[in-house]
Amino acid sequence: MLKIKDVQFVKSISRLQDKPHPYYPEFAFAGRSNVGKSSLINCLLNRKNLARVSKQPGKTRSINYFLINRQFYLVDLPGYGFARVSAGEKKRWQEMIESYLLQSEELVQLFVLVDAVVKAQKNDLQLVEWLNHHQIPFAVVATKADKLSQFRLNVHLNEITRQLQLDDSHPIFPFSAVKRTGRGELLGYIDRLLKGSV
Ligand code: GTP
Ligand code: MG
């Protein structure tokens with residue numbers, strides 16, 4: 001299993017030109033505002049509030065790079081779909097996320113986080129369509145799995161799989177930052193991707 005030995009917050013950027021050097025393989029996390037991106041990163045890294053978690057949606061407004069084991073980056077992207085921001089701000093975030101995804105040659109895999117309770121929303125579908133169009137490799141993480149019974153969770157996982165037309169090359173991982181379920185699976189998957197065995 002992939003052991004988290006060393007974690008460094010490296011940089012927060014709002015323009016891709018400012019991305020940190022040297023380059024390492026990157027794993028990025030995208031999803032609707034409040035879906036649990038920062039909580040998932042903290043959980044994976046065994047840190048309380050390294051990636052800032054807030055009850056207030058729209059907290060992560062820039063692209064945050066965390067260097068793990070001096071080997072790869074985890075990248076926390078700003079959340080989309082947050083209602084209470086101006087149209088201009090929304091457009092700026094979207095452009096930031098899209099340029100990150102199109103221009104990051106070191107990106108190994110994007111994780112699209114979808115709330116397991118509310119399932120995929122319109123903007124999740126749009127993102128996945130866009131990713132398929134641009135052939136950007138991604139997997140889905142169904143967050144907040146602790147809020148559902150095992151039975152409901154399975155029903156919702158199947159529905160999200162159907163909604164997003166997921167297949168073997170786009171797996172879905174149930175996850176809970178509260179109960180830490182799915183952590184080992186996700187780290188194992190990242191490990192296999194790093195070793196080129198997926
Ligand atoms: P933005 O940075 O605003 O885009 O949000 P985010 O996607 O980073 O979400 P964040 O991790 O800040 O979590 C948002 C809220 O959801 C917080 O109140 C978290 O405590 C809660 N939350 C996150 N993960 C889980 C989970 O696995 N289970 C439960 N029950 N709540 C969670
Ligand atoms: Mg966040």
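Visitor: Which residue takes a positive phi in the hairpin of β3 and β4?
Guide: Asn-69 does, with a phi near 50°. Three residues lie between the two strands of that hairpin. Strands are DSSP runs of E (at least two residues) and helices are runs of H or I (at least four), numbered from the N terminus.
This is a predicted model: local features need pLDDT of at least 70, side-chain atom pairs count only at pLDDT 80 or more, and totals for chains, interfaces and linings use all residues. Side-chain values use heavy atoms, without hydrogens and water; residues are numbered from 1 along each chain as its sequence is written, chains are lettered from A and ligands numbered from 1 in the order in which they are written.

Visitor: What makes β3 and β4 a pair?
Guide: Pairing takes at least two DSSP bridges between two strands. β3 (residues 63–68) and β4 have five, in the antiparallel sense. One of the links joins Phe-66 to Leu-74.

Visitor: Which way does β2 run against β4?
Guide: Parallel, over four bridges. β2 covers residues 26–31. Phe-27 has Leu-74 as its bridge partner in β4 and Gln-109 as its partner in β5.

Visitor: Why is β4 called largely enclosed?
Guide: Buried means under 20% relative accessible area, exposed over 50%, and partly exposed in between (1.4 Å probe, protein chains only). Five of the five residues of β4 (residues 72–76) are buried, so the rest of the structure largely encloses the strand. Side chains in a regular strand alternate between the two sheet faces. In β4, Phe-72, Leu-74 and Asp-76 are buried on one side, Tyr-73 and Val-75 on the other.

Visitor: How many residues of β5 are buried?
Guide: Eight of the nine in β5 (residues 107–115). β5 runs parallel to β2, with six bridges. Six bridges also join β5 to β6 (residues 138–143), again parallel. Asp-115 has Thr-143 as its partner in β6.

Visitor: What is the handedness of the crossover from β5 to β6?
Guide: Right-handed, passing through helix α3 (residues 122–133). With the strands pointing away from the viewer, a right-handed path from the first strand over the helix to the second runs clockwise.

Visitor: How do you know which residues of α4 share a side?
Guide: Leu-153, His-156, Leu-157 and Ile-160 are buried in α4. They cover an arc of only 105° around the axis, so they lie on the same side of α4. The arc is taken from the directions from the helix axis to the C-beta atoms. The face turned away carries exposed Phe-151, Asn-158 and Arg-162.
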